[in-house]
Amino acid sequence: MKAVRFNGVGKPVSIDDIPKPTPGPGQVLVRIGGAGVCHSDLHVMEEELGFQAGFTLGHENAGWIAELGEGVQGFREGDPVAVYGPWGCGHCHACQLSMENYCENADSLGAAGGGLGFDGGMADYMLVPAARLLVPLGTLDPRVAAPLSDAALTPYHAIKRVLPLLTGDTTVVVLGIGGLGHMAVQLLRVLSTARIIAGDVDDAKLAHARQRGADHTINTRDIEAATTAIRDIVGPRGAVLVLDCVGIQPTFDLGARVLGRDSRWTIVGLGGGHHDFRFGSTPYGCEMCTPYWGGRAELMEVIAMARDGRIKAETTEFPLEQAAQVYEKLKAGKIVGRAVLIP
Ligand SMILES: [Zn+2]
Ligand SMILES: [Zn+2]
């Protein structure tokens, strides 16, 4: 079968022919319907994050059950499923709560999940090590559902934990309207009554944010002008939440300037920006956090919302063979919503 392979930092991906896996006891083989192309893959390919070369990329996956390993119950061949991405040990306290993204034994597992050290879903088939990592899609098409497993789950997890702050008289700033950001805007619209300001350097993405429910859009290319524009909207109270889906230095700098007191500064973008967090460097009561991905039960919640049409990933489909070109497009900021590779 064909698979998009990670060949080491600084090396281009390749489309290789590799053997189709056979599921062992407890494992499940999924025929991939779609695999989302995530910006974090670019970090995997360009930075020393400790990943060994020689695995299949793709950590946002959905498809149909192709084969059940011995002893697997609760699924039938042909069932449409999403693959939960962060694979934990399955038995620690965090994993028992379904929060495998915070698995206590993560360091001893050898990799973070399929497409992040283990073979992922940019291939005809993907081997999933345990049935607990699958979420039934019901009527949802796997090609549309694939991005939900990260691009929607990550902002959902980040937003859900701060919902009590998001009252109708508050303002949230979402920075970066790419794969995660365009889902974040929709999720905020569905889950809260807060006013939403979307920031991006690309006017097309801002137009997209407005369609998806943002009340205000601000071009953030000029940080000074963007700071003034956002402060004019939020007033002295400042933003109650800055959800930074980019995480580069300019978005850190902008976030620091618009947050209010007793606020939350949530960084989900892997851009490597930095803030000197100490007394006086942020408004009083501001909590800074870096939530990672989301829980399995939360993926079920996201999928339920998508099935009911309350959120929708904007996807552009490409053949699997075009993986390298799609990564180039993503790097150049030329993808609106989420690119999905179709084997
Ligand atoms: Zn991702
Ligand atoms: Zn665990």
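Tutor: Happy to! One term before we look at the metal site: donors are N, O and S atoms within 2.8 Å of the metal. Also keep in mind that this is a predicted model.

Student: Okay, which protein donors does the zinc ion (ligand 1) have?

Tutor: They are Cys38 through SG, His59 through NE2 and Asp150 through OD. These donors lie 1.8 to 2.2 Å from the zinc ion.

Student: How are the donor residues spaced in sequence?

Tutor: The pattern is C-x20-H-x90-D. Cys38 and His59 are 21 residues apart and link distant parts of the chain. Cys38 is in the loop between strand E3 (28-37) and helix H1 (39-46), while His59 is in the loop between strand E4 (55-56) and strand E5 (61-68).

Student: And is Cys38 buried or exposed?

Tutor: Buried, because its relative accessibility is 5% and the cut-off for buried is under 20%. His59 counts as buried too, at 2% relative accessibility.

Student: Switching topic: at what angle do helix H7 and helix H8 cross?

Tutor: At roughly 30°, with the axes of H7 (residues 223-234) and H8 (residues 249-258) coming within 10 Å. Angles under 35 degrees count as roughly parallel, so H7 and H8 are roughly parallel to each other. The crossing of H7 past H8 is right-handed.

Student: Which residues meet there?

Tutor: From H7 you have Ile223, Glu224, Ala226, Thr227, Ile230, Arg231 and Val234. They meet Pro250, Leu254, Arg257 and Val258 of H8. By class, that contact of H7 with H8 has 7 nonpolar, 1 polar and 3 charged residues.

Student: What about H4 and H9, what angle do they pack at?

Tutor: About 110°, with the axes of helix H4 (residues 153-160) and helix H9 (residues 296-307) 10 Å apart. That makes H4 roughly perpendicular to H9. On the H4 side, Leu153, Tyr156, His157 and Lys160 make the contact; on the H9 side it is Glu298, Leu299, Glu301, Val302 and Met305. The contact of H4 with H9 divides into 5 nonpolar, 1 polar and 3 charged residues.

Student: Last one: where is Gly280?

Tutor: In the loop between strand E15 (259-267) and strand E16 (287-289). Gly280 is exposed, with a relative accessible area of 62%.

Student: How far is the C-alpha atom of Gly280 from that of Gly255?

Tutor: The two C-alpha atoms are separated by 15 Å, and Gly280 and Gly255 are 25 residues apart along the chain.

Methods:
Residues are numbered from 1 along each chain as its sequence is written. Chains are lettered from A and ligands numbered from 1 in the order in which they are written. This is a predicted model: local features need pLDDT of at least 70, side-chain atom pairs count only at pLDDT 80 or more; totals for chains, interfaces and linings use all residues. Side-chain values use heavy atoms; hydrogens and water are left out. Axes are lines fitted to C-alpha atoms, for helices over the stretch in contact, and angles run from 0 to 180 degrees between N-to-C directions. Helices (H or I, at least four residues) and strands (E, at least two) are DSSP runs, numbered from the N terminus. Angles under 35 degrees count as roughly parallel, over 145 as roughly antiparallel, 65 to 115 as roughly perpendicular and the rest as oblique. A crossing is left-handed if the near helix is turned anticlockwise from the far one by less than a right angle, and right-handed if clockwise. Contact means heavy atoms within 4.5 Å. Ala, Val, Leu, Ile, Met, Phe, Trp, Tyr, Cys and Pro count as nonpolar, Asp, Glu, Lys and Arg as charged, and the others, Gly among them, as polar. Donors are N, O and S atoms within 2.8 Å of the metal (3.2 Å for Na, K and Ca); water is not among the atoms, so sites may look incomplete. Buried means under 20% relative accessible area, exposed over 50%, partly exposed in between (1.4 Å probe, protein chains only).
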